[in-house]
Amino acid sequence: MKKFADLTEREILALAISNEEDDSRIYHGFADGLAEQFPASAAIFSDMAKEETGHRDRLFQLYREKFGEHLPLVRREDVSGFIRRKPLWLMRPLGLSVVRTYAAQMETEAAEFYRKAAAVARDESIRALLLSLAQEEDRHEARAEELAEQHLTPEAIATEAETQRRAFLLQYVQPGLVGLMDGSVSTLAPLFAAAFTTHQPFATFLVGLAASVGAGISMGFAEALSDDGALTGRGSPWIRGTVCGLMTTLGGLGHTLPYLIPDFTIATTLAVIVVVIELALISWVRHRFMDTPWLQATFQIAVGGTLVFLAGILIGSA
């Protein structure tokens, strides 16, 4: 691996050409990944890819004039400390905000590379081109805004915003809500059965803890293995599984933690209050994010939670 400071002007130009080719392909990859859900933003990245290709052509033209047709093989990974790209363009689905942030970082890094390359170039024409490209990379943010005005009409913005909202619901809110509901409701029966059987707060806490963690692991794997997200657009199965598992555990721990209080009556009273708050929170989330009518969401959660709660008390009191 060669240090950047040791590169010749010929190798610097070859590296710049390779870099522009890669950046153009990355932007095309972004455009391809965004085309289905965010067509207007995909068009912006397609135009940006064309601009990177234009940079590459200008560099190659100067290279031919100075060094001929043969282009030495110099890649990013061959230069110590050079720009490294995380292969975000290969991931599906692509998050629009993440891609925009990534692209802005690409332009910043490219501009910095051209300035450093110009600083070590001795040939005046090479230095001039590198500084010109650095300025163009700096202006790409403004250029991106121009392209946004061209492609992102109010209708396109509204459509993409709705697509982002739907993706957020599918990838985070829905699995999180499923986990919270399961953890909050399914652990009620074993927790209160243990409470009214033993009347021992710490023993009840252990039962609730075991039920919450076990339910979280089970729900996490069930969600992750249910759908790979390739066709449904629900995102990474492991992210969904993690969200679902954590929310399931959290839902169970909410009414379990009060049993760390030594006094059984106080602990149980506080646990019941927490249960009411949890069920109200779930009802609000269903109403806010899943477009479920408020009364319907409250009725469904309240009835289900109450039945499980009473089942635990009846079994524990038998």
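Partly exposed means a relative accessible area between the buried limit, under 20%, and the exposed limit, over 50%. Arg-127 has 23%, so Arg-127 counts as partly exposed. This is a predicted model. The briefing covers its nonpolar cores, its salt bridges and the spans listed by UniProt.

**Nonpolar cores**

- The largest nonpolar core has 25 residues.
- Leu-15, Leu-59, Val-79, Phe-113, Tyr-114 and Leu-130 have the most contacts inside this core.
- H1 supplies the largest share, 6 residues.
- A second, separate core holds 20 residues, among them Leu-188, Leu-191, Phe-192 and Ala-195.
- Beyond its neighbours within four places in sequence, Leu-15 touches Leu-7, Val-74, Arg-75, Arg-76, Val-79, Phe-82 and Phe-113.

**Salt bridges**

- The structure holds 13 salt bridges.
- Side chains of opposite charge can pair when their charged atoms come close.
- Lys-2 and Glu-11 pair through their side chains at 2.8 Å, N to O.
- Lys-2 is partly exposed at 32% relative accessibility, whereas Glu-11 has a relative accessible area of 18% and is buried.
- Arg-75 bridges to Glu-77, with 3.7 Å between the closest N and O atoms.
- That distance falls within the 4 Å cut-off, so the pair of Arg-75 and Glu-77 counts as a salt bridge.
- Both partners are partly exposed: Glu-77 has a relative accessible area of 42%, and Arg-75 has 36%.
- Arg-75 is also one of the residues in contact with Leu-15.

**The pair in helix H4**

- Glu-124 and Arg-127 form a salt bridge, and their closest N and O atoms are 2.5 Å apart.
- Both residues lie in helix H4, 3 residues apart, or about one turn of the helix.
- Glu-124 has a relative accessible area of 54%, over the 50% limit, so Glu-124 is exposed.
- Arg-127, at 23%, is partly exposed.
- Elsewhere, salt bridges with shared partners join Glu-21, Arg-56 and Asp-57 into one network.

**Spans from the UniProt record**

- An unreviewed UniProt entry lists "transmembrane region" for residues 175-196, 202-225, 237-258, 264-285 and 297-316.
- Residues 202-225 are 100% helix and 0% strand, with end C-alpha atoms 35 Å apart.
- Residues 297-316 are likewise 100% helix and 0% strand, and their end C-alpha atoms lie 29 Å apart.

Note on methods. Residues numbered from 1 in each chain as written. Predicted model: local features only at pLDDT ≥ 70, side-chain atom pairs only at ≥ 80, totals over all residues. Heavy atoms only, no water. Core = buried A, V, L, I, M, F, W, Y, C linked by side-chain atoms within 4.5 Å. Buried < 20%, exposed > 50% of the residue type's maximum accessible area, 1.4 Å probe, protein only. Helix = DSSP H or I, 4+ residues; strand = E, 2+ residues; numbered from the N terminus. Contact = heavy atoms within 4.5 Å. UniProt positions renumbered as here; feature names shortened; annotations may be inferred.
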